[in-house]
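Student: I would like to learn how to read charged contacts in a structure. Could you take me through one?

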Amino acid sequence: MVAEAEGSGIGSSGRIQKKVLGIGYWVQGVRCFPWMGVNFFLKDAMGVDPSTLQLLLNSANLPMVAKPLYGVLSDAVYISGQHRIPYIAFGAFLQALSWLAIAILSQSSISISTITLYLLLSNLGASIAEVANDAIVAEAGKQQPTSSKISQPSPASSGELQSFVWMASSVGGVLGNLLGGLIIHRVSPQKMFLLFGLLVSLQFCLTIMVRESSLNLPKRASDIGVRKQLSKLRVSLKEPAIAQSITWFAASYAVIPTLTGTMFFYQTEHLKIDSSVLGISKVFGQAGMLLWSLVYNHWLKRVASRKVIVGIQGVMALFMVSDVLFVKGVYRSMGLPDWMYVVIFSGLLEVLFFFKILPFSVVMARLCPAGCEGSLMALVMSAIALAMIVSGYLGVAFAACVGVTTANNFSGFPKALLIQAACTLAPLYWSSCIPNDDDHEISTRTKSE
């Protein structure tokens, strides 16, 4: 009878966990909806050029770099006896405030500096919420699925929750991109900002109704303090497996000069691709992410994570070489319409950058010492965000070197894409930095700190 009661309690908390995380990651996926409006608002209403667009969008991601701070606060500072739910609610509040402000102010006139400020505030809120959600996933992934004597969760069980939240985010991305692509020229960007602002307001209201005790997260002292939490984080980073993995993963993004702004202008201004096609392309990509989560959960979570990550990196390079052929018109001469290539290949390449986060998050969840889930996972996501910002800035400088900084000069674009593919392959030479799945022992000192 006791076992049945315990099993019932675990099952109930598991359902509440999935509801909280499902909503959180779904909204995170839907964020692409207002950001599609931002792209067209900046290009059409504010008349920015490709380089300015890419600089602004990458700069708006700067709050993501401070994720370790949010993680440490989430781990160490409790609010009314809770250290995850209040941060998710506060993050939703900041996002609602910023998007509603942009929707109202952009109805008349808004400067680039003002919209940048509110986009920064939005990403600050998103970062705080994501850190808390990621910490719940890491903590729950280390929980025993039953009261059995198994000392470690198996790789299969540890990847189940990661796959679930990945699917929730992908479903949100499919919906956000589909709606965005269909209504971008039928509804003003301001209304898109308003709709998302109302959605995050609803998330805030739903979140504050949940008590963290119902999530059945590991119990620990609530007075640990920020200084001690930072000390625990430093100790965990002394583990070679953790430090080398994070360094390699961040570098695998940073060395790639991103050319998304240039490609956006090439497709919309040079090829005159309709915005609905771009929306469908993003939907196709998000559907690919959803399929990827299913494939990984059913077949690949038992495959060595290093092999999966390396394989994805190689496929990314192949897609970039394919982009070279696309820009040169090779596929067009073979009878493949530009819009079809954009839908299929461009959509998949955009999300391929994120495919390897899923197996890497499983690796980090296993390496992460108990009590450090929020701060370490936040550090991982911060390193990725910083690497992507560096990649974006590098792309702007690189585009200037090859002469593709304006909306009507793309002569050097194929060469830039080819070099981008070569840079993508470079990290494969140091892929041994990623530990094998059976080589993730954390020192007794780290676990006990």
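This is a predicted model: local features need pLDDT of at least 70, side-chain atom pairs count only at pLDDT 80 or more; totals for chains, interfaces and linings use all residues.

Student: What makes a contact a salt bridge, and how many salt bridges does a search of the whole structure find?

Tutor: The general idea is a distance test: a side-chain nitrogen of Lys or Arg must be within 4 Å of a carboxyl oxygen of Asp or Glu. In this structure the search finds 8 salt bridges.

Student: Which residue forms a salt bridge with Arg31, and how far apart are the closest N and O atoms?

Tutor: The partner of Arg31 is Glu130, and their closest N and O atoms are 3.5 Å apart. Glu130 belongs to helix 6 (residues 112–141), whereas Arg31 sits in the loop between helix 1 (2–30) and helix 2 (32–45), so this pair ties together parts that are 99 residues apart in sequence.

Student: Are Glu130 and Arg31 buried or exposed?

Tutor: Buried means under 20% relative accessible area. Glu130 has 9% relative accessibility, so Glu130 counts as buried. Arg31 has 11%, so Arg31 is buried too.

Student: Which other residue forms a salt bridge with Glu130?

Tutor: Glu130 also forms a salt bridge with Lys67, with the closest N and O atoms 2.8 Å apart. Lys67 is in helix 4 (residues 67–76) and Glu130 in helix 6, so the pair ties together parts 63 residues apart in sequence. Lys67 is buried, at a relative accessible area of 3%. Taken together, Arg31, Lys67 and Glu130 are linked in a network of salt bridges.

Student: Where in the chain do Glu269 and Lys43 lie?

Tutor: First the contact: Glu269 forms a salt bridge with Lys43, and their closest N and O atoms are 2.9 Å apart. Glu269 is in helix 12 (residues 260–270) and Lys43 in helix 2, which puts them 226 residues apart and links distant parts of the chain. Glu269 is partly exposed at 29% relative accessibility, whereas Lys43 is buried at 11%.

Student: Which residues does the UniProt annotation "transmembrane region" cover?

Tutor: An annotation comes from a record, and it can be set beside the model. The unreviewed UniProt entry gives several spans as "transmembrane region", including 192–210 and 246–265.

Student: How much of residues 192–210 is helix or strand?

Tutor: Residues 192–210 are 84% helix and 0% strand, and the end C-alpha atoms lie 28 Å apart. For residues 246–265 the values are 75% helix and 0% strand, with the end C-alpha atoms 33 Å apart.

Conventions. Residues are numbered from 1 along each chain as its sequence is written. Side-chain values use heavy atoms; hydrogens and water are left out. Helices (H or I, at least four residues) and strands (E, at least two) are DSSP runs, numbered from the N terminus. Buried means under 20% relative accessible area, exposed over 50%, partly exposed in between (1.4 Å probe, protein chains only). UniProt positions are given in the numbering used here, feature names are shortened, and annotations may be inferred rather than shown by experiment.
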